[in-house]
Amino acid sequence: MNKVVVGLSGGVDSSVAAALLCNQGYEVAGLTLWLMKGKGQCCSEGMVDAAFICEQLGIPHHIVDSREVFQTYIVDFLVAGYSEGITPLPCSQCNKTVKFGPMLQYAQEKLGINKIATGHYARITYNQETGRYQLRRAVDLSKDQSYFLYDLPQELLAATIFPLGDKLKTETRKIAAEYSLKTASKPESMDLCLVESNGSMRAFLDKYITPQKGEIVDESGKVLGQHDGVHHYTIGQRRGLGIAAAEPLYVIGLDAVRNRVIVGTRDSANQTECTVQRVNWVSIAEPSAPIRAEVQIRYRSSATPVTVIPLGNSRVKLVFDEPEFSITPGQAAVWYDGDIVLGGGVIERGTGE
């Protein structure tokens, strides 16, 4: 019998993933990672619900204390980024270093199981010609999470199952109800676990970074107002600046060294290219020449045409067909060929007119 360890957060998606695999004849074990204390969906409440789901399905439930790993790779990572004036994306970092990697290690070393599964909305296929596993968008594009999974290496893709990749969210809820799962009507997590636990990203960051007042300036350096901490702002932000101007102004730069927030017009927030570091080539090997693709520079943005130019040392340059608004250092850029994730990385800096 096939064996698989399912990551259970206590939400409806992971619960249905486990139920489907049980129904398909897998010998399933549930695994919940204890990431932090508090009321976050992934933790105290989530662990209780995950345990209940395992009881309903008649499968064992394992809990792994991952708080130190989460603190190092997510909390410290976020605080360091915001302190330097960038806006890190914790989810892709968390998936690789905190969730999928440690889950597979635990499954293999403690349980003798070589497959893991989660409730993510994405798909994995295998290309016989290239010998590579391909990460693809989910069928339900409104719930597609492939953007956050770009950093998974081949060995993790080979060991992972996404039971919900071909399901619509409405189907998932229906299946949960059919199985009478405790989580069938549980509200969906709408924000980062850290935000849910702390009330807001501002509240979370203020626990670690002492707010320091500074100047809000335009591109020429003219002082337009005051801010209460560079870490409270992000590129492209318009609301909450507290300054009056003849036309709308947006955050176009964060100077942590000089403790300045730089603002400008929407046009000045547009850029024609950027560089990306820590690149992971997912479904294809690193090309030796520029390729054409479509890129997302944030989770909810549409994919737009781009030329991807390899630079070596796990870096690429992205040249957009049309200027992109608010390219944000620290966020992920993920490029696709149709529904196939070709690669992705962390936005390093933006340049262009």
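Two strands are taken to pair if DSSP finds at least two bridges between them. Helices (H or I, at least four residues) and strands (E, at least two) are DSSP runs, numbered from the N terminus. The structure is a predicted model, in which local features need pLDDT of at least 70 and side-chain atom pairs count only at pLDDT 80 or more, whereas totals for chains, interfaces and linings use all residues. Residues are numbered from 1 along each chain as its sequence is written, and side-chain values use heavy atoms, with hydrogens and water left out.

By these criteria, strand 1 (residues 3–7) and strand 2 (residues 27–34) run parallel and are joined by 5 bridges. Within this pair, V5 is placed opposite A29 of strand 2. An open sheet of 5 strands has the order 3-2-1-4-7, with parallel pairing.

Helix 1 lies across strand 1, strand 2, strand 4 (116–117) and strand 7, and runs at about 165° to strand 1. Here axes are lines fitted to C-alpha atoms, for helices over the stretch in contact, and angles run from 0 to 180 degrees between N-to-C directions. Contact denotes heavy atoms within 4.5 Å.

Helix 1 (residues 12–23) also packs with helix 6 (residues 169–178): the two axes come within 9 Å and cross at roughly 65°. Helix 1 is therefore roughly perpendicular to helix 6. In this scheme, angles under 35 degrees count as roughly parallel, over 145 as roughly antiparallel, 65 to 115 as roughly perpendicular and the rest as oblique. The crossing of helix 1 past helix 6 is left-handed. A crossing is called left-handed if the near helix is turned anticlockwise from the far one by less than a right angle, and right-handed if clockwise. On the side of helix 1 the contact involves V12, D13, V16 and L20, which meet K169, T172, R173, I175 and A176 in helix 6. By class, the residues of this contact comprise 5 nonpolar, 1 polar and 3 charged. For this division, Ala, Val, Leu, Ile, Met, Phe, Trp, Tyr, Cys and Pro count as nonpolar, Asp, Glu, Lys and Arg as charged, and the others, Gly among them, as polar.

A further helix pair is formed by helix 3 (residues 67–83) and helix 4 (residues 90–111), whose axes come within 10 Å and cross at roughly 160°. Helix 3 is therefore roughly antiparallel to helix 4, and helix 3 passes helix 4 in a right-handed crossing. Helix 3 contributes V69, F70, Y73, I74, F77 and L78 to the contact, and helix 4 contributes P90, Q93, C94, T97 and V98. The contact of helix 3 with helix 4 contains 9 nonpolar and 2 polar residues, and no charged residues.

Salt bridges (a side-chain nitrogen of Lys or Arg within 4 Å of a carboxyl oxygen of Asp or Glu) number 14 by this rule. One of them joins K96 and D151, with the closest N and O atoms 4.0 Å apart. This pair links distant parts of the chain, 55 residues apart: K96 belongs to helix 4, and D151 to the loop between strand 6 (132–137) and helix 5 (154–158).

An open sheet of 4 strands shows mixed pairing in the order 9-8-11-10. Its edge strands, strand 9 (223–227) and strand 10 (250–255), each pair on one side only. Neighbouring strands of this sheet are turned by 30° against each other on average, direction ignored. Strand 8 (residues 214–217) and strand 9 are antiparallel over 4 bridges, with V217 opposite V223 of strand 9. The hairpin of strand 8 and strand 9 has 5 residues between the strands, and G221 adopts a positive phi near 95° there. Strand 10 is likewise antiparallel to strand 11 (residues 260–264), over 5 bridges, and G253 stands opposite I262 of strand 11.

Strand 13 (residues 291–296) is joined to strand 14 (residues 304–312) by 5 bridges in the antiparallel sense, with V295 opposite T304 of strand 14. Strand 13 also pairs antiparallel with strand 16 (residues 332–337), over 3 bridges; in this pairing Q296 is opposite V334 of strand 16.
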